[in-house]
Amino acid sequence: MRFGRFRIGMRTMKTALAVMICIFLFHITNRGAPMIAALAAVFSLRQDLTTSVSFGRSRILGNTLGGLFAIFYFFVSQFFHNNFLVQLFLLPALVAVIIIFSDGINNNAGIVSAIATMLLIALSLDQSESILYALQRVADTFIGTTVAILLNFLIRPPEQEKEEALTEDLAILKEKEEKLQELLAEVQEKIQDQEPKNPSKK
C-alpha cells in the first residue's frame, strides 16, 4: 500500500504487530517491562520466513552469548560491590570479546544482537537484583525472537510484495556491484602506476 512516496508494507505491519504481541504477553503474565522482548522481535523480523529463521538462528546464538556475558558481568559487578569502574572498563572489554568470538565462530550476523542483549540486560540491572532477574531478561530475548518467527510463519507476504522486495534487493546488489567494479578499477590503476616501466630498447 502506497501513499505517494510512503509505502506501508507487510513487514512494517508485522513488526508493529510483533511489538503489540510482546506488550500484551508481558501485560497478561505480569512479567514486567517488555522492552527487551519487543526489541528482540524487531531485530529478528525479516521480510519472509526463510530469512527470519536464518537470521533468527544467528539471533538466538547472539542472544545466548550476550546473555551469558551479561550474567558474567553481573557476577563481577556484584563481587566489586557495583563499582562504577567495573562498568566503565569491563563492558567495553566484553563488547570487544563478543565481536572477536562471534567472528571466530562465523556468526557475524549475530554480533549486533549479542552486544545489544548484553548491554540491555547489564545496564538495566538494578544493584539489588538477583541472578534470577538476569536470567529472566535473557529469556525475554528468546520470547521476542519466537514471536517474530511465528508471525512470519503465520503471515506470509503476497506475491506482489515478494516481487517488489526481490526487485529492491537486485537493485541494491547491482549498485554494490558497480561500486566494487569502480574500486577494482582504482586498485588496478594504482598497481599499474606502481609497476616499474620497462626501459626503452636502443
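These are my notebook entries on a predicted model of one protein.

**Ground rules.** I number residues from 1 along each chain as its sequence is written, and side-chain values use heavy atoms, with hydrogens and water left out.

**Layout.** I looked up the secondary structure and found 7 helices and 2 strands, taken as DSSP runs numbered from the N terminus (helices H or I, at least four residues; strands E, at least two). From the N terminus the order is β-β-α-α-α-α-α-α-α. Of the 202 residues, 31% are buried (under 20% relative accessible area; exposed is over 50%, partly exposed in between; 1.4 Å probe, protein chains only). I then took contacts (heavy atoms within 4.5 Å). Among those with a separation of 6 or more, 72% join residues 24 or more positions apart.

**Cores.** I searched for nonpolar cores, meaning sets of buried Ala, Val, Leu, Ile, Met, Phe, Trp, Tyr and Cys residues joined through side-chain atoms within 4.5 Å. The largest has 23 residues, and Phe69, Tyr73 and Leu94 are among those with the most contacts inside it. Helices α3 (49–79), α4 (84–104), α5 (111–124) and α6 (131–154) each supply at least two of its residues. I note that α3 gives the largest share, 7 residues. Leaving out residues up to four places away in sequence, Leu94 touches Phe69, Phe72, Tyr73 and Met118. A second, separate core of 10 residues includes Ala18, Ala38, Leu45 and Val147.

**Helix α5.** I checked the span of α5: its 14 residues reach 20 Å from first C-alpha to last, close to the 20 Å expected at 1.5 Å a residue (1.5 Å times one less than the number of residues). Its buried residues include Ile111, Ile115, Met118 and Ala122.

**Ala40.** Is Ala40 buried or exposed? I find Ala40 in helix α2 (residues 35–44), and it counts as buried because its relative accessible area is 0%. Beyond its neighbours within four places in sequence, Ala40 contacts Arg59, Thr141, Gly144 and Thr145. The C-alpha atoms of Ala40 and Gly144 are separated by 4.9 Å, although the two residues lie 104 apart along the chain.

**Phe3.** I place Phe3 in strand β1 (residues 2–3). Phe3 is classed as partly exposed because its relative accessible area is 49%.

Key: This is a predicted model: local features need pLDDT of at least 70, side-chain atom pairs count only at pLDDT 80 or more; totals for chains, interfaces and linings use all residues.
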